[in-house]
Amino acid sequence: MFMSLIQTYEHRDKEKFLNWTYQDSELVIGLVGAVGTEQHQIINIISDRLKAYNYETEEIRVSRDVIAKLYKIPETTNEFERISTAMDKGNLARKQTGDNGILALGVAEEILSRREKLGKPRKRVAYIVNSLKHPKEVERLREIYASGFYLFGIYSDEHSRLDYLINNKRIKEEDARKLIKRDMSEEEGHGQQTRDTFQMADFFIHFDRDHYQLVEKSIWRILDLMFAAPYITPTFDEFAMFMAFVSALRSADLSRQVGAVITKNEEIIASGANDIPKFGGGLYWPILDSQTNSIVDKANGRDYVRGYDSNKKEQAKIIEDIAKLLDLDNEKIEKLKKSRIRDITEYGRVVHAEMEAILMCARNHISTRGATIYCTTFPCHNCAKHIIAAGIKEVVYIEPYPKSKAFEFHDDSITSDPTQTNKVLFRPFVGIGPRRFFELFSMSLGAGNEKVRKDSNGNIIKWQPERSNLRLQLVPYSYLEKELVATDIFNKKIGGLNNDKRKDS
């Protein structure tokens, strides 16, 4: 292996290779959206705009370019059958290989085959992958293409998706609803998990056919940021959601990290994370132990210190009690474990992020009436009722939460319709996601090319798309190659030092 790597760079100027300045990077863009989302419209917008950066685009359709090469898919004019069959075969590929990211590997194989004739990276080519349906597919593509892979999450409300499937694809309403339900989250681990895949996106776009120009301009802004436009700064929504994301990182919860911030008049007034409450108010923080000089958590405080999740323990006790009362056999007990008992959150010690943000306001005598709360996850029904009672007027969220009964329990007080001004508005986040926030908005501290806003005379520099490069290049060389080059250069340079000079130093 190492000999083959040596051969790949032997003909190069080694110092230039080590300080590579490759600026014509390939680009891989993935799309994730629920079935019925008009992703072809998004592809058209991205493709047209990338021409401004002298990029050509190629679509890689997972159903056509990967799944159809693995299994024979019968030709049909029935769209319901076509979509269902593609779902079936995608699930089958995951199941038979035991790899939920197998279709992403197929995408990489397709890109490689298209590049194979040249034997080297293609200049200024963007591959648009349509579309990804499982979190493992995203993980695989990020492993392979690192910062050169971007995921666009396309949101379209269910009414619009139904309308498109029924009127454009000519699918019966009953069948269209089946597809939508199946697509969001299948029970099998190898099934489609669009809901979970969506929340992994780098960018969130709301596709609305009636506001096409707004969608177009939103995508242009995202691409401009990817190409290091120096004067684009975050919207308040983007900043607030990033701060909610940062708040989540302080959580030591055993299940997941959730964050929230409350804002008023475009100012953050409180933050919260899901964690264990402590005496005196607030949540536990790790502290410096002066005796051991170590940063530690209080004994018997957080759940991980205790060694268990109290909610899961109580769920198990409930199942055990039912099994004893009804004298259930093992098979029925296993079925019981898969029931909605597992959705109970009543017995957790953790304060939810939204609740902690509200309580922080209470502790500091700050009114929440008329405020907006930004949550990394859709609030559970328990938090939803407290959000309503707190007088909060708007909730902005990223990750859907399937266990939440918020809309079902409180349809009198909450809505997803912005025209209903007498209810708390729950709306999905749109904009630059927290994952790429630092990389894309930082002037010089993030990875990639440094942003420059002025020349040596203090005058602003005119940024031009056609003369711009991707801020984060898709590196065409491996670190193994670079290590070999670095070692070679190092040995040659220190070889020029005689023994006396080396002793003197």
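Visitor: Which residues do ring pairs link into a cluster?
Guide: Phe-378, Tyr-397, Phe-407 and Phe-426. Rings of Phe, Tyr and Trp (its six-membered ring) pair when their centres lie within 6.5 Å; planes under 30 degrees apart are stacked, over 60 edge-to-face, and the rest tilted. This is a predicted model, where local features need pLDDT of at least 70, side-chain atom pairs count only at pLDDT 80 or more, and totals for chains, interfaces and linings use all residues. Residues are numbered from 1 along each chain as its sequence is written, and side-chain values use heavy atoms, leaving out hydrogens and water.

Visitor: How many aromatic pairs does that rule give?
Guide: The count comes to 13. One of them is Phe-204 with Phe-429, edge-to-face, at 5.8 Å centre to centre and 70 degrees between the planes.

Visitor: And how many residues apart are Phe-204 and Phe-429?
Guide: They are 225 residues apart, so to speak distant parts of the chain.

Visitor: Is Phe-204 buried or exposed?
Guide: Phe-204 is buried, with a relative accessible area of 3%, and Phe-429 is buried with 3%. Buried means under 20%, exposed over 50%, and partly exposed in between, using a 1.4 Å probe and protein chains only.

Visitor: What about Phe-242 and Phe-437?
Guide: Their ring centres are 4.1 Å apart and the planes are at 10 degrees, so that pair is stacked.

Visitor: New topic: what sits over the ring of Trp-220?
Guide: The charged end of Arg-49, 4.7 Å from the ring centre. That label needs NZ of Lys or CZ of Arg within 6 Å of the ring centre and within 35 degrees of the ring normal.

Methods
Helices (H or I, at least four residues) and strands (E, at least two) are DSSP runs, numbered from the N terminus.
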